[in-house]
Amino acid sequence: MIQDKDKEPLGIRRKIMMALLFFRDRFDLHEGKEDELETIDYVKKNIEFKGANLWILIFAIFVASVGLNVNSTAVIIGAMLISPLMGPIMGIGMAAGINDFELLQRSLKNLGIAVLISILTSTIYFSFTPLNEAQSELLARTEPSIWDVLIALFGGLAGIVAGSRKEKSNAIPGVAIATALMPPLCTAGYGLATGNLYYFFGAFYLFFINSVFISLSTYLIVRFMNFPKKEFLDPKREQTVKRYITIFTLLTVIPSVYLAYNIVTRTFWERSAKEFIKTEMDFPRTQVIASNLVYNSDSSGIEISLIGERIDDDEIQRLQNKLKVFSLNKTHLKIKQSGDGGTDLNMLRSDILKDLYERNELLIQNKDQKISFLENELSQYAESSKQVMDLANEAKINHTGLQSFSLNRAVVADVTQNKQDTILMAYAKFRQKPNDQEMKRFQEWLKIRTKADTVSLIIQ
């Protein structure tokens with residue numbers, strides 16, 4: 001019995017060890033890994049932006065700009081597949097991981113060239129395109145969120161792991177699509193072309209966040225997989241390079257963590273603010289017609305415009321107190337109601353009336369066009385009806401056997417050329433079918449009388 005008790009812990013420990021070995025074997029990154037020097041060389045080859053690589057970048061930027069301009073997700077995805085922007089960004093993380101200061105300088109230089117060329121190219125495109133309106137695909141790149149940070153981090157991890165394999169998979173093109181490096185640069189170019197600095201800085205901020213976290217994830221994997229660090233003959237130079245690399249890493253990581261924290265905080269605040277408006281601003285005879293969320297780390301604000309029955313000061317105070325329930329601390333609630341006489345509300349009312357007027361004016365114009373068209377058709381029909389009787393009486397004089405006559409314009413579809421045309425068609429019924437000469441004479445008379453180029457005649 002004692003032996004069984006002694007064996008029981010050993011059996012449990014053995015199962016735990018087997019489970020740990022199974023998971024370690026299953027998640028081992030070293031299996032199927034390319035030689036570290038080959039991986040470093042692979043990253044280095046994709047850093048340079050010159051010759052064909054630079055032209056490919058320019059063409060990809062044009063494609064992405066067109067995609068954003070016409071709001072085509074498929075075109076934007078295609079441009080991201082073409083783009084070689086991932087190279088220098090991964091090179092920065094690789095350089096920091098292996099203490100290669102020269103590689104770091106090259107990567108930063110080429111990334112700067114790529115960014116400058118990308119923004120310049122997209123600015124040129126958006127300066128000449130006739131479509132100036134910002135579409136939803138473009139607007140989505142003007143403000144980063146916590147999801148963009150997570151996508152960049154996990155996408156970068158997937159990219160460097162895929163790049164370190166002997167057999168390269170389709171993960172790297174997928175990372176290029178997921179992290180979306182190119183659309184923010186195109187959006188920044190749109191901001192410059194239209195003079196909208198908010199779009200420019202917002203889009204460039206998104207690109208910066210993506211680049212930093214892709215580099216950071218590359219650095220983490222390189223250190224985790226123990227890539228060989230660059231060796232120096234001079235120990236003093238080695239210490240200097242390590243110091244520079246450490247300073248650069250800290251200068252990159254610390255601000256990025258701070259920025260990521262602010263993005264997370266703002267995302268949660270905006271979600272709570274929207275939930276507050278949806279839950280608490282639901283009144284039977286009052287409707288929210290506009291809301292504006294202004295986030296600031298020190299003091300945020302929710303501006304709401306209401307129309308309908310006014311809510312009293314006690315209700316407004318109750319709503320202000322409710323903000324704490326939704327974790328909206330340091331948030332001020334500002335409510336504008338119809339009848340306040342405020343400048344902003346008057347502007348809002350003016351915008352609504354202007355919009356209604358423009359819509360009605362367009363409808364009126366369309367109705368006027370329809371009425372004019374129908375009146376013209378009726379006029380032609382009335383004239384045509386009168387002309388039929390006159391023509392029938394004239395034709396009766398020359399063709400005594402004529403019993404009935406009709407004349408009308410008909411739409412004929414040409415199925416061989418996929419088009420349609422209008423032709424004048426005449427129908428005539430005789431007591432006795434006329435001969436070919438009389439039919440030809442009757443048709444020629446109709447062409448002269450109606451001043452038509454061609455007349456299709458049906459004889460019965």
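Below are my entries, grouped by topic.

**Entry 1: what I am looking at**

First a reminder to myself: this is a predicted model. Residues 108–126 come out as 100% helix and 0% strand, with the end C-alpha atoms 27 Å apart. Residues 198–222 also read 100% helix and 0% strand, and there the end C-alpha atoms are 36 Å apart.

**Entry 2: Thr123**

I went to Thr123, which is found in helix H6, residues 101–128. Is Thr123 buried or exposed? Its relative accessible area is 16%, so I noted Thr123 as buried, the limit being under 20%. Next I looked for what its side chain meets. A polar atom of the Thr123 side chain lies 2.6 Å from the backbone oxygen of Ile119. The backbone oxygen of Gly189 is 3.4 Å from a polar atom of that Thr123 side chain. Gly189 turns up again in the contact list: leaving aside neighbours within four places in sequence, Thr123 is in contact with Gly189, Leu192 and Ala193.

**Entry 3: aromatics**

I searched the whole structure and got 10 aromatic pairs. Phe126 and Tyr190 make an edge-to-face pair, 5.2 Å centre to centre with 85° between the planes. This pair links distant parts of the chain, with Phe126 in helix H6 and Tyr190 in helix H10 (residues 182–194), 64 residues apart. Both Phe126 and Tyr190 are buried. I then looked at Phe204 and Phe207, a tilted pair at 6.2 Å centre to centre and 45° between the planes. Phe204 and Phe207 are 3 residues apart in helix H11, so about one helical turn separates them. Phe204 is partly exposed at 32% relative accessible area, whereas Phe207 counts as buried at 4%. Which residues form one aromatic cluster? I wrote down Tyr125, Phe126, Tyr190, Tyr198 and Tyr199.

**Entry 4: nonpolar cores**

How many residues are in the largest nonpolar core? I get 59, and those with the most contacts inside it are Leu85, Met94, Met182 and Phe213. Helix H11 (residues 197–224) gives the most to this core, with 12 residues. There is also a second, separate core of 17 residues, which includes Ala395, Leu402, Leu407 and Ile459. Back to Leu85: leaving aside neighbours within four places in sequence, Leu85 is in contact with Phe49, Leu57, Ala114, Leu181, Met182 and Leu185.

I also stopped at Ser83, in the loop between H4 and helix H5 (86–98). Ser83 counts as buried at 14% relative accessibility. Not counting residues up to four places away in sequence, Ser83 touches Leu57, Ala60 and Met182.

**Entry 5: salt bridges**

My count is 7 salt bridges. In one of them, Arg266 pairs with Glu270, the closest N and O atoms being 3.9 Å apart. Arg266 and Glu270 are 4 residues apart in helix H12 (residues 235–280), which means about one helical turn between them. Arg266 is buried at 16% relative accessible area, and Glu270 is partly exposed at 22%.

Lys322 forms a salt bridge with Glu280, the closest N and O atoms 4.0 Å apart. That pair links distant parts of the chain, Lys322 in helix H13 and Glu280 in helix H12, 42 residues apart. I have Lys322 as partly exposed at 28% and Glu280 as buried at 11%. Arg318 and Glu315 meet in a salt bridge too, at 2.7 Å from N to O. Both lie in helix H13, 3 residues apart, about one turn of the helix. Which residues do shared partners join into one network? They are Glu280, Glu315, Arg318 and Lys322.

**Entry 6: positive phi**

Last, backbone angles. Asn71 has phi near 65°, a positive value in a residue other than glycine. Asn71 is found in the loop between helix H3 (52–70) and helix H4 (73–82), and is partly exposed at 28%. Lys330, not a glycine either, has a positive phi of about 55°. I placed Lys330 in the loop between helix H13 (313–322) and strand E3 (331–337). Lys330 counts as exposed, at 61% relative accessibility.

How values were computed. Residues numbered from 1 in each chain as written. Predicted model: local features only at pLDDT ≥ 70, side-chain atom pairs only at ≥ 80, totals over all residues. Heavy atoms only, no water. Helix = DSSP H or I, 4+ residues; strand = E, 2+ residues; numbered from the N terminus. Buried < 20%, exposed > 50% of the residue type's maximum accessible area, 1.4 Å probe, protein only. Polar contact = N/O pair within 3.5 Å; in protein donor to acceptor, adjacent residues only side chain to side chain. Contact = heavy atoms within 4.5 Å. Core = buried A, V, L, I, M, F, W, Y, C linked by side-chain atoms within 4.5 Å. Phe/Tyr/Trp six-rings, centres within 6.5 Å; stacked < 30°, edge-to-face > 60°. Salt bridge = Lys/Arg side-chain N within 4 Å of Asp/Glu carboxyl O.
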